[in-house]
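Here is a short report for a reader new to this structure. It starts with one term, then turns to a pair of helices and the protein as a whole.

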Amino acid sequence: MLKNLFGKHKKDALYFNMTKDETYEADVEMNPDDVLEKEDSIDKSATKKKEDKTDSETPEMMTCSKCNKEVSVSDMKKNLYVCPECGYHHPISAQRRIRGLVDQGTFRKLKCNIPFVNPLDYPDYEDKITKLKNKTNLDEGVLSGIGEIEGRKAVIAVMGSEFLMGSMGIAVGEKITNAFEMADRFKLPLIIFTASGGARMQEGILSLMQMAKTSAAAERFNEHGGLYIACLTNPTTGGVSASFATLGDITLAEPGALIGFAGPRVIEQTIGQKLPEGFQRAEYLETHGYVDRIVSRNDMRTVLGQILRLHDKRRK
Ligand SMILES: [Zn+2]
């Protein structure tokens, strides 16, 4: 599809954060220490303390937003915020997801700090971003790094819906592109967990341009034989669903995830028709071939481990 959308020349032009001399096949051997943070930034005690503090402030019991049953917070945490009663997948922070996914102590963040920009002089935008950074302990709406899953190394990028709904602005687009580039440089598979409300309105058209940029990065990675596994979580909508989220070699989805471009209400209003039951949910999309497999959050580590093992054998 991409080949039709962008001719070879145009696609290269769109891939604007890379000059012709600086392609993936760069001869220069790259040292992982140049592109990775020094320590395992996810297991840092500061992060844990911050989260624990938040946890101790939350009541002992919580009500499942799907089945309304009371469930103890510790049970919910052990179950990666999947309701033990009804299996509903509650939102989970990017840090917690990574901690539940990778082998302990193996995750190192990619160095990719994008300076803040406010192209439209959007009121209070900088203030909002600063507050969110402190609150979520994320640099931006995506957390990326290299980690191991069941002993197999991969580049992993996780979007955080806790950061402005995981909306894709310049920084998110650049971090996703960087994840594709690093996966290619180090010949590693790439796993991206998407959770996004779409483009970031505060950054206007520059936000929309990230769709072309990330799609071109996905295509280039694909041309070089890289394995890209997209894991779609609730919600994956707007510009993210219309770009890298749906370009995976393998597309997994969490149960019940809303996946689509525009919301069902908008579509119904536009076409003046009622949509089929379960439209845009992961299960419907699996039945119709858009999603390869629905994987519960608790099984995700095992399934990804299996895929990485199979891929490892093939690429050697
Ligand atoms: Zn429930």
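Helix axes are lines fitted to C-alpha atoms over the stretch in contact, and the angle between two of them runs from 0 to 180 degrees between N-to-C directions.

This is a predicted model. In it, the axes of helix H8 (residues 170-185) and H9 come within 9 Å. They cross at roughly 5°. Angles under 35 degrees count as roughly parallel, so H8 is roughly parallel to H9.

Which residues in H8 and H9 meet? The table lists them.

| Helix | Residues in the contact |
|---|---|
| H8 | Ile170, Val172, Gly173, Ile176, Thr177, Phe180, Glu181, Ala183, Asp184 |
| H9 | Leu206, Gln210, Lys213, Thr214, Ala217, Ala218, Phe221 |

By class, the contact of H8 with H9 has nine nonpolar residues. Four polar and three charged residues complete the set.

H9 covers residues 204-223, 20 residues in total. From its first C-alpha to its last it reaches 30 Å. That is close to the 28 Å expected at 1.5 Å a residue. Just after H9, Gly225 takes a positive phi of about 80°.

Now the protein as a whole. It has 13 helices and nine strands. Of its 316 residues, 39% are buried. Among contacts between residues at least 6 apart in sequence, 70% join residues at least 24 apart.

How confident is the predictor, and where is the pLDDT below 50? The protein averages a pLDDT of 87, and 83% of the residues score at least 70. Over residues 1-27 the pLDDT is below 50. Beyond near neighbours in sequence, that stretch has 22 contacts in the model.

Technical notes. Residues numbered from 1 in each chain as written. Predicted model: local features only at pLDDT ≥ 70, side-chain atom pairs only at ≥ 80, totals over all residues. pLDDT = per-residue confidence, 0-100. Contact = placed C-beta atoms within 7 Å. Helix = DSSP H or I, 4+ residues; strand = E, 2+ residues; numbered from the N terminus. Expected span 1.5 Å × (residues − 1). Parallel < 35°, antiparallel > 145°, perpendicular 65-115°, else oblique. Nonpolar A, V, L, I, M, F, W, Y, C, P; charged D, E, K, R; others polar. Buried ≥ 20, exposed ≤ 12 C-beta atoms within 10 Å, placed from the backbone.
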